Amino acid sequence: MKKIFSIVVVALMVTALVLTGCQKKEAAPAAAAPAASSSSAAAFIGIAMPETHVLRWIKDGNELKADFEKLGYTAEAQWANADQSIQNGQINAFLTQGAKGLVIGCVSDGVTSVVADAARDNVVVVAYDRIIPNTTDYKYFLTFNNFKVGVLEAEGIVEGAKLNEGTAANPKYITLFAGSPTDGNSFFFFDGAMSVLNPLIEKGGVKVIGPYPKTSKDTNAFQQIATENWTASIAKTRMENLLANDAREVVLDAVLSPNDTLARAIVEACKADAKYTSKLPAVSGQDCEAASVAAIRDGTGQYSTVFKNTQKLAEAAAMLVDQELKGQAINIPGAEIATGDLKEIGNTGTGYVTTYLLDPVKITKANYKVPIDAGFFNEEETKTYGF
Ligand code: BGC
């Protein structure tokens, strides 16, 4: 609870089944030496990913490892099953193995103690797609424009459910979900989405069923719509409860869902309700998970998703660590340094870290081929879904 609270404070201030192979310990690197030096032994990089129940992280970890190896490093990826104490153990083990760099997608602010240890050892730490809150014991955060991700999610359901056409006399009905309250991104996703939805709600054309936090700063209501650890079963149960209670007397036109894993759980709950057998509400998402993109293409599930090219993010992380270890000027092609309002994305709550942003893209049936053309799916996904 304390962790949840502290990350909420950050937001206020700024506005496993692991595939068996995943958790397998790999052989420790023979020796760790800076890649910068022309020494023969490759430096070792530890990659700490938060979870595998949201599939993207499996891919992120594997891509990061491959990208570091391409640059001549040895690297190992571990996944933490959404448990910060497991992740801290994994990071400690990386430090014991002599890691020169750490790429961390953290679970919660409980990671700060091990990041402090890394800082003492002059290890280069990159916060990977999730800010490491409440510390500035590291220099870089590499992510997407997470406010824009939320904007694109909301634009998806506005389009899918024609929310613009709602009137006070004949309103459109929506309900709201947010991501894990331990993940700093959840606040930006939600605030971006509400920047699009609030004007429609205020005009009276859209009505919110269930809790309505206007922004993530509305802590009580936000906690009610947040989904601990991005757990699909929690979202499904909450949707079932909404359908049986608050939404019993209406037909929902749209559901704001913060990612694909939760979107599919929400759609499942709707499909079990007779009211939605012929027409589902428009549901948003992000991550371009293959099952979601297929449903978007076929019109059998969620309406939209957001493409975040995590292959590019992984490449950028490897480049960043490499340049920093070699003492070179940092130059990440395709990434924008967060400035202006976007600088808040890099506010840890105790200070700012240099933040590089990649650009997200909204995906609907009209452009579902974008991630396919970018080579985002693996062969098996391509075969399974006929991409
Ligand atoms: C990431 C999303 C992901 C979510 C759940 C967020 O921090 O930005 O891509 O869906 O975590 O793992």
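Visitor: What do the buried residues of helix 12 pack against?

Guide: They pack against strand 1 (44-49), helix 3 (56-70), strand 3 (101-104), strand 4 (124-128), strand 5 (140-144) and strand 12 (354-358). Packing is judged by contact: two residues touch if their C-beta atoms, placed from the backbone, lie within 7 Å. This is a predicted model, in which local features need pLDDT of at least 70 and side-chain atom pairs count only at pLDDT 80 or more, while totals for chains, interfaces and linings use all residues. Residues are numbered from 1 along each chain as its sequence is written.

Visitor: Which residues of helix 12 are called buried?

Guide: Thr310, Leu313, Ala314, Glu315, Ala316, Ala317, Ala318, Leu320, Val321, Asp322 and Leu325 are. The term needs 20 or more other C-beta atoms within 10 Å of the residue's own; 12 or fewer is exposed, anything in between partly exposed, with C-beta atoms placed from the backbone. In the protein chain of 387 residues, 52% count as buried.

Visitor: What span is expected of helix 12?

Guide: The rule is 1.5 Å times one less than the number of residues. For the 16 residues of helix 12 (310-325) 22 Å is expected, and the distance from first to last C-alpha is close to that, at 22 Å. Helix 10 (260-271) agrees as well, because its 12 residues should span 16 Å and its end C-alpha atoms are 16 Å apart.

Visitor: Why is asparagine 122 called exposed?

Guide: Asparagine 122 has 7 other C-beta atoms within 10 Å, so it is exposed. Its place is in the loop between helix 5 (112-120) and strand 4.

Visitor: Why is asparagine 134 called buried?

Guide: Asparagine 134 has 20 other C-beta atoms within 10 Å, so it is buried. It sits in the loop between strand 4 and strand 5.

Visitor: What is the phi of asparagine 134?

Guide: Positive, about 65°, although asparagine 134 is not a glycine. Asparagine 122 also has a positive phi, about 55°. Most residues other than glycine have a negative phi.

Visitor: Why is strand 5 called largely enclosed by the rest of the structure?

Guide: Five of the five residues of strand 5 are buried, so the description holds. Tyr140, Leu142 and Phe144 point one way, Phe141 and Thr143 the other. In a regular strand the side chains alternate between the two faces of the sheet.

Visitor: What makes strand 2 an edge strand?

Guide: Strand 2 (74-79) pairs on one side only, as does strand 11 (336-337). Their open sheet has seven strands in the order 2-1-3-4-5-12-11, with mixed pairing.

Visitor: What is the order of the four strands in the other open sheet?

Guide: It is 7-6-8-9, and the pairing is parallel. Strand 7 (206-208) and strand 9 are the edges.

Visitor: Why is the crossing of helix 9 and helix 10 called right-handed?

Guide: The word is used if the near helix is turned clockwise from the far one by less than a right angle, and left-handed if anticlockwise. Helix 9 passes helix 10 in the right-handed way. Helix 9 (232-244) and helix 10 pack at about 35°, with axes 8 Å apart. Axes are lines fitted to C-alpha atoms, for helices over the stretch in contact, and angles run from 0 to 180 degrees between N-to-C directions.

Visitor: What makes helix 10 mostly covered?

Guide: Of its 12 residues, 10 are buried.

Definitions and conventions: Helices (H or I, at least four residues) and strands (E, at least two) are DSSP runs, numbered from the N terminus. Two strands pair if DSSP finds at least two bridges between them.
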